[in-house]
Amino acid sequence: MPTLHSTVSEPAPLAAGADLAARIERWADHRPDAVAVAFEGVEHSYRSFADQIAATAGWLADHGVGEGDRVAWLGPNRPAALRLMLGCSWLGAIYLPLNSRLTPPEHRWILDHAEPALLAVDSTFAEHGAAVGALCKRREVPEEPDGFAAAGTTPARRGTPGHPVLLAYTSGTTGHPKGAVLDQAAIAANAVNSAHAHDLTSEDRVLTTIPLFHVGGLNIQTLPAVLGGAAVLIERAFDAGQFLDDVEQWQPTWTVLVPAALTAVAAHPRFTSADLGSLRGIMTGSSPVPMAATEPFFDRGVPVGQIYGSTETAPIAVHLRCDEAAAHRGSCGKPSTMCEVRIVTDAGADAAPGERGELWVRGPSVLREYWRDGGATAEALVEGWFRTGDVGHADDEGWIFIDDRRKDMIISGGENIYPAELEEVLARSDLVSEATVVGVPDDRWGEVPVIVAVPSTEIAAAALLSLFDGRLARFKHPKAVFWTDQLPRTALGKVRKHEVRAMLSKNEGVRHAR
């Protein structure tokens with residue numbers, strides 16, 4: 001199929017020295033009293049937020065941070081995370097958000113690999129930070145609301161669009177994580193993609209519940225909102241009840257919920273009565289999205305769009321706008337404004353409509369490299385195209401559908417089986433509270449699909465396996481069921497399938513269903 005791309009022209013590049021923080025300063029000049037960021041009952045105006053960023057840049061400079069240095073942050077969702085990143089952009093330094101759900105040994109590996117000049121630790125993580133802080137030159141514990149106060153004068157601006165500004169480590173679903181390096185121009189291009197995906201304006205109000213250590217929480221709506229003059233309410237952590245409270249009381253126009261969070265909100269006792277009228281829409285993504293997770297919101301009159309991308313694409317590469325969502329359920333949309341997308345077959349050709357292939361993405365929002373990993377960079381980037389590792393297809397009109405991760409695809413008797421297709425069937429059943437499908441070795445077929453699930457009631461395996469009768473071709477049907485108490489997941493709710501496969505191979509944490 002031909003290359004899919006947007007017809008929107010690329011805007012002129014930013015002038016040298018126009019770092020991301022300078023955009024906040026412009027909004028402070030134009031709308032000084034407008035709310036920029038709200039957190040736990042405290043609202044910060046654009047004038048106040050811009051001054052805090054300047055103070056943060058000074059604080060970093062006072063602690064010896066300069067051009068190209070890495071600054072790690074360990075903490076919950078809070079405005080400090082945004083101020084640190086934008087302070088780094090001022091100096092031409094690189095912000096490294098740490099997944100706060102990882103263990104000290106996992107953090108030690110990342111910090112040893114990235115060698116940050118400074119590790120800033122939220123006071124609630126002081127003990128955890130002390131366990132890993134020895135790998136850094138300095139460690140500080142900032143406090144709200146006066147954290148990061150500079151002792152000296154405001155430093156000169158060093159950041160430019162070409163400076164790396166974000167070092168985001170992938171979730172590490174296989175082996176050690178890789179550090180994707182995104183420059184300031186990539187973050188700005190992603191903000192353009194977000195503006196088109198949401199029709200984002202300075203009058204919008206964004207509710208952020210996804211962890212800010214992930215590009216989904218940081219870059220789908222949050223940073224684009226403050227770079228575009230809108231207001232952002234940050235929740236310290238996701239809670240379905242708190243989410244409904246904030247929607248009713250703060251009246252956001254936009255939010256992002258991963259599929260697991262959509263399900264949690266829809267299952268909350270107050271979901272059917274809560275006032276959701278302020279929401280123009282909800283965006284979701286991060287993994288194949290079961291339509292069963294989005295239908296309760298469409299039923300309430302709240303459209304659910306999709307964002308497709310990855311850490312390496314900043315992340316918006318393909319989007320399904322909410323005004324298109326009802327007519328194209330199941331699709332993740334079309335290429336974003338600043339992106340081109342190819343669907344490439346195993347033979348290296350562009351896929352025909354309906355034909356499956358790997359999604360490749362090119363554009364200014366794509367990573368420049370993996371940190372200190374030339375081999376991984378060369379494997380992932382082909383003449384500027386980022387190979388996502390995701391398998392998908394497009395229909396005759398160019399709407400893109402994600403079928404599964406290439407590495408999760410099951411080849412049984414020469415036939416390709418995509419677990420996401422089977423998991424969609426399971427998502428519509430109340431027999432299990434959560435479930436995944438993985439491939440296991442088989443002497444006859446090479447490998448076969450099996451279900452690993454947390455049961456919601458006492459049932460026989462046959463009852464679960466019968467769900468596929470008449471719905472999917474016989475060769476796709478799972479051949480066995482295994483029960484477990486909990487599925488291992490990433491911070492955004494993705495199942496760590498390599499860990500599930502390891503559980504099965506070691507026969508640990510699972511029990512065969514009869």
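This is a predicted model: local features need pLDDT of at least 70, side-chain atom pairs count only at pLDDT 80 or more; totals for chains, interfaces and linings use all residues.
**Helix packing and a buried arginine**

Reader: Are the buried residues of H4 on the same side or on opposite sides?
Author: Helix H4 (residues 104–114) buries His107, Ile110, Leu111, His113 and Ala114. They span an arc of only 160° around the axis, so they sit on the same side of H4.

Reader: And which exposed residues are on the face turned away from that buried side?
Author: Look at the face of H4 pointing away from its buried side. The exposed residues there are Pro105 and Asp112.

Reader: How are H3 and H7 oriented: parallel, antiparallel, perpendicular or oblique?
Author: The axes of H3 (residues 79–91) and H7 (residues 215–227) come within 13 Å and cross at roughly 85°. An angle from 65 to 115 degrees counts as roughly perpendicular. So H3 is, relative to H7, roughly perpendicular.

Reader: Is arginine 321 buried or exposed?
Author: Arginine 321 sits in the loop between strand E15 (316–320) and helix H11 (322–325). Its relative accessible area is 12%, and buried means under 20%. So arginine 321 is buried.

Reader: Which residue's backbone oxygen lies 2.6 Å from a polar side-chain atom of arginine 321?
Author: Leaving out residues up to four places away in sequence, arginine 321 touches His196, Ala197, Asp199 and Met283. The backbone oxygen at 2.6 Å belongs to histidine 196.

Technical notes: Residues are numbered from 1 along each chain as its sequence is written. Side-chain values use heavy atoms; hydrogens and water are left out. Helices (H or I, at least four residues) and strands (E, at least two) are DSSP runs, numbered from the N terminus. Buried means under 20% relative accessible area, exposed over 50%, partly exposed in between (1.4 Å probe, protein chains only). A polar contact is a pair of N or O atoms within 3.5 Å; within protein, one must be able to donate a hydrogen and the other to accept it, and residues adjacent in sequence count only if both atoms are side-chain atoms. Contact means heavy atoms within 4.5 Å. Axes are lines fitted to C-alpha atoms, for helices over the stretch in contact, and angles run from 0 to 180 degrees between N-to-C directions. Angles under 35 degrees count as roughly parallel, over 145 as roughly antiparallel, 65 to 115 as roughly perpendicular and the rest as oblique. The arc is that of the directions from the helix axis to the C-beta atoms.
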